[in-house]
Every structure is written in structure tokens, then in C-alpha cells.
Amino acid sequence: MPRRKNTKRVDPRYFLNEKKEILRESLVDAIISTIESSGMPDMDTLDLHHAVKQQMPQLSADEIDAAMNDPRLNDYYDPMEDVWSAPVGGQV
């Protein structure tokens, strides 16, 4: 089949970051479900990091740390005590 001249093509480099955003959203959801389903009332950062790493072993520590800084997790983190827990009064 001959190659056509003057055809418009989309450069695939424009779509490189889309997968990361979807992964981060699902990772934040996984962190929330881990916090809410844990048997502990409070989890420190290392415990939460380890639990998420067990669920998704393909992720690096930097990716997990970046997802743990997501603004949607602010209700789950208590900076005074440095612990993660489900918000009082149920789900957000």
C-alpha cells in the first residue's frame, strides 16, 4: 500500500502523561481503601507505605510517596500525630 503524502498525524508524545494520571488516581483510591479497611485505628506512614507496596508491588517508593501527598488524602492524615486514619464520622 503506497504511503500518502501530506497526511495529518498526531504525535504520540502528547499522550505520554495520561497513563500516569490514571495510575495516580487509582493509587490514591487504593490508599484510601487501605486506610479504611485496616484493622488499626491509626497507621503511621511506614505502615501505610508498606501496605500499599504489598497491594501494588510494581510501584516505586517515589510513586507511592507522591500519591500520598495528594490533596484528596488531607482528611485522612493528622500532621500533629503523624498518623493516617479514617475520618471521624465515617467516609468523606
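**Salt bridges, core and local features of a predicted model**

R72 forms a salt bridge with D29, and the closest N and O atoms of the two residues are 3.1 Å apart. A salt bridge is counted here when a side-chain nitrogen of Lys or Arg lies within 4 Å of a carboxyl oxygen of Asp or Glu. R72 lies in the loop between helix 3 and strand 2 (77-78), whereas D29 lies in helix 1, so the pair ties together parts that are 43 residues apart in sequence. Helices (H or I, at least four residues) and strands (E, at least two) are DSSP runs, numbered from the N terminus. The structure is a predicted model, in which local features need pLDDT of at least 70 and side-chain atom pairs count only at pLDDT 80 or more, while totals for chains, interfaces and linings use all residues. Residues are numbered from 1 along each chain as its sequence is written, and side-chain values use heavy atoms, with hydrogens and water left out.

The protein contains 3 helices and 3 strands. Read from the N terminus, the order of these elements is α-β-α-α-β-β. Of the 92 residues of the protein, 26% count as buried. Buried means under 20% relative accessible area, exposed means over 50%, and partly exposed covers the values in between (1.4 Å probe, protein chains only). The protein exposes about 7,400 Å², of which carbon and sulfur atoms supply 53%. Accessible areas come from the Shrake-Rupley method with a 1.4 Å probe, and for residues only the protein chains shown count as cover. Among contacts (heavy atoms within 4.5 Å) between residues at least 6 apart in sequence, 54% join residues at least 24 apart.

In total, the structure holds 3 salt bridges. Side chains of opposite charge can pair when their charged atoms come close. R72 forms a salt bridge with D70 as well, with 3.8 Å between the closest N and O atoms. R13 is exposed, with a relative accessible area of 61%, and D11 is partly exposed, with a value of 23%.

The largest nonpolar core has 18 residues, and those with the most contacts inside it are L27, I31, L48, L73 and W84. Such a core is a set of buried Ala, Val, Leu, Ile, Met, Phe, Trp, Tyr and Cys residues joined through side-chain atoms within 4.5 Å. Two or more residues of this core come from each of helix 1 (18-37), helix 2 (45-55) and helix 3 (61-68). Helix 1 gives the most, with 6 residues. In soluble globular proteins, nonpolar side chains tend to be buried together. When neighbours within four places in sequence are left aside, L27 is in contact with V52, M56, L59, E63, I64 and A67.

W84, one of the core residues with the most contacts, is buried, with a relative accessible area of 5%. The structure holds 1 aromatic pair. The ring centres of Y77 and W84 are 4.7 Å apart and the ring planes are at 45 degrees, so the pair is tilted. Rings of Phe, Tyr and Trp (its six-membered ring) pair if their centres lie within 6.5 Å; planes under 30 degrees apart count as stacked, over 60 as edge-to-face and the rest as tilted. Y77 is partly exposed, with a relative accessible area of 30%.

S85 is found in the segment after strand 3 (83-84). At 18% relative accessibility, S85 is buried. Residues up to four places away in sequence not being counted, S85 touches I35, P41, D42, D75 and Y76. The C-alpha atoms of S85 and S38 are separated by 9.0 Å, although these residues are 47 residues apart along the chain.

D82 is placed in the loop between strand 2 and strand 3. D82 is not a glycine, yet has a positive phi of about 60 degrees. With a relative accessibility of 39%, D82 counts as partly exposed.
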